[in-house]
Amino acid sequence: MLKINQLHKSYPIGDSSLHVLKGIDISVEEGEMVAIMGSSGSGKSTLLNIIGMLDEADTGDYILDGLPIKNLTEKKAAVYRNKFLGFIFQSFNLINYKNAIENVALPLYYQGIKRKERIEKAKFHLQKVGLLDWADHLPKELSGGQKQRVAIARALAANPKLLLADEPTGALDTKTSHEIMAFIQSLNDEGKTILMVTHEEDIANMCKRIVRLRDGVIMEDKKVNQVRAEQYV
Amino acid sequence: MFDIDLWREIFQSINMNRTRSLLSGFTVAFAILLFAILFGIANGLQNTFEEAFVDDADNAIFIRSGLTTKANKGYQAGRKIQFENEDYEFVKEEFGDDIEYITSRVYKNLNASYKNEQNTYDIRAVHPDHQFLEKTLVKEGRYLNFNDIQNNTKVVVVGRMVETDLYKTVPALGKYINLNGIQYKIVGVFEDEGSEYEERRIYMPVTTAQKIYGNNDYVDEISLTYNPEMNSDQALAFGNKIQAKLKERFSVAPSDQRAIRIWNMAQGTKQVDIMTSSLTVIILIIGFGTLIAGIVGISNIMIFIVKERTKEIGIRKALGASPRSIVAIILIESIIITAIAGYVGLLIGVAVLELVGPSLEVYFIKDPGVSNTLVFGATLTLIIAGTIAGYVPAKKASRIKPIVALRND
């Protein structure tokens, strides 16, 4: 599914540069649910952004679903992002002047799918996250948990191979966090590959594998017994 | 290719971000509005100028004679110079190539009567060309012709007010008019755009007046129009040449200012030309300035819009938007807003000119208005400027990494 070899990334800071990722090796199989952990500045978000093609590595190999991801043109990167990846952000990143169903349908628009079909598919995914009744509401009329569920529906809409989540519960209270996690777990149960960044131990334990980063290197990579989130809901 | 979904995206964006759309539209509308009003007022001023000189032919030269003020070639000062028919012929012969129309004038002031009505009128005894010099409009009948001059016929052409004064409601054409005891047949009635005063005149053949009222060849004034293709400098030189030739003919000292007097319309035309052309320059500067202000306004708004939408651009890119679609969505939106706002500004500007226009005549602004071509041109310029101004930041925004755009809060 995903294979990363000797990945390096540094950011220029004034005259010097900050070496954020110092040779990362990792591979993820289909159906896995991986948590990337680490304190702030450990490089976990940078890694996720590179995997998500939102950012580019300096050196190293990254192969996604058999395709080498390197020196992509903007246009090609856009096509790959649209086809392979679904994003879930800490701050939801919904477009504020579009209602829930329009937000969910947006990736389908960029796939060139006809409007009628887009709406149908978006409805299906909204129903899946239990928000069909809120289809016509703008993001500002939704609660945090609802917004994140719309964002998840949007991430699922294009039927991506890999779901990337950057602190998906970071802006939510504990109860809502558990609801969202329960839903993400159910997606994984259906076979979706999920990669998430978190700094919360209990959220990480709801995944099947934990990768710990410190100062740009992988400290630990272990499989864990998944804690089901339903029990807290 | 027409992409309905793209347009749907754009109209949603315009509609849902009304404040932004209205503000940027307002800038454009205001620039076009100012542009239209300024140009309209300027055109109004120009109309006033042009109208002030519409009465008489604006390429006319009038030549009169007087007393000499200087002794010359054995003649004493104070000699009276009198033009005669020969002098009219001389000018016509000598300068025929550059002359458009030419006429003699003999002035009389006679008592006119018809039945019980009577009044005193200015009589001008002239050649047929006079009609074009004075821009006399023959309302009924005809003007004087060559035959009248040849045969000293006793015919007159009277002004509209003469008809009203003496004939009341009866048509004057074909009737006789008594001028100091002599009967003339009215062969024409005329109007003049100048004033009612000019319509209280009577024209008769110059030869008739010479024969009846003095039995001489005397001419009070020679009037002519020069070739209209001459510019005002050439026309002034032409007038001076005629004056010099006539001074020579009458043995008048070249420096004598009184004996042969010339009044050249080119003198006034030149001043009006200078006035209008400086006005045009001022207008162009103002119009250009307004446009520049509009362009700067648009550019700022475009930069602001792109800045404001950076995060949205990041989201769209994360969801798979190509750089081209990002540029398209921003640019087309700005073009639509500019076009609509420009049209609104144009409409308001034209409406303001229509409404306020008539009351501005006191300020020498007549029929203010702008040509549609001009305003469409200005709107188009703004659209193009807005497109270029928007393209640079839009292109830049489409290139930034989505992660940078997403971080932008």
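The structure is a predicted model, and the predictor assigns the complex an ipTM of 0.90 and a pTM of 0.66. In the contact between the chains, 18 residues of chain A meet 18 residues of chain B, while within chain A the strands include an open sheet of 4 strands and an open sheet of 6 strands.

**Confidence and make-up of chain B**

- The average pLDDT of chain B is 84, and 95% of the residues of this chain score at least 70.
- Confidence in chain B is lowest in helix α13 (residues 402-407), where the mean is 73, and highest in strand β9 (residues 201-205) of chain B, where the value is 92.
- Chain B contains 13 helices and 12 strands, and of its 409 residues 39% count as buried.
- Among the contacts in chain B with a separation of 6 or more, 81% are accounted for by residues 24 or more positions apart.

**The side of chain A that touches chain B**

- With 18 residues of chain A in contact with 18 residues of chain B, the helices α2 (74-84) and α3 (100-109) of chain A each supply at least two residues of the side of chain A that touches chain B.
- The largest share of that side of chain A, 6 residues, comes from α2(A).
- Sorted by class, the side of chain A that touches chain B has 10 nonpolar, 3 polar and 5 charged residues.

**The sheet of 4 strands in chain A**

- This open sheet runs in the order β2-β1-β4-β5 (chain A), and its pairing is antiparallel.
- Because β2 (16-28) and β5 of chain A stand at the edges with a single partner strand each, one side of each is left without a neighbour in the sheet.
- Strand β4 (residues 59-64) of chain A pairs with β5(A) in the antiparallel sense over 2 bridges, and L64(A) stands opposite L67(A) in β5(A).

- Leaving aside residues up to four places away in sequence, I69(A) touches M53(A), Y62(A), I63(A) and L64(A).
- Between I69(A) and Y80(A) there are 11 residues of sequence separation and 9.2 Å in space, taken from C-alpha to C-alpha.

- Strand β3 (residues 33-37) and strand β9 (residues 209-214) of chain A pair in the parallel sense over 4 bridges, and A35(A) has I210(A) in β9(A) as its bridge partner.
- Helix α1 (residues 44-51) of chain A packs on the sheet and touches β3, β7 (162-166), β8 (193-197) and β9 of chain A, with a direction that makes about 145° with that of β8(A).
- Helix α5 (residues 144-157) of chain A also packs on the sheet, touching β6 and β7 of chain A, and its direction makes about 170° with that of β6(A).

Conventions:
Residues numbered from 1 in each chain as written. Chains lettered and ligands numbered in written order. Predicted model: local features only at pLDDT ≥ 70, side-chain atom pairs only at ≥ 80, totals over all residues. Contact = placed C-beta atoms within 7 Å. Nonpolar A, V, L, I, M, F, W, Y, C, P; charged D, E, K, R; others polar. Buried ≥ 20, exposed ≤ 12 C-beta atoms within 10 Å, placed from the backbone. Pairing = 2+ DSSP bridges. Axes fitted to C-alpha atoms, helices over the stretch in contact; angles between N-to-C directions. pLDDT = per-residue confidence, 0-100.
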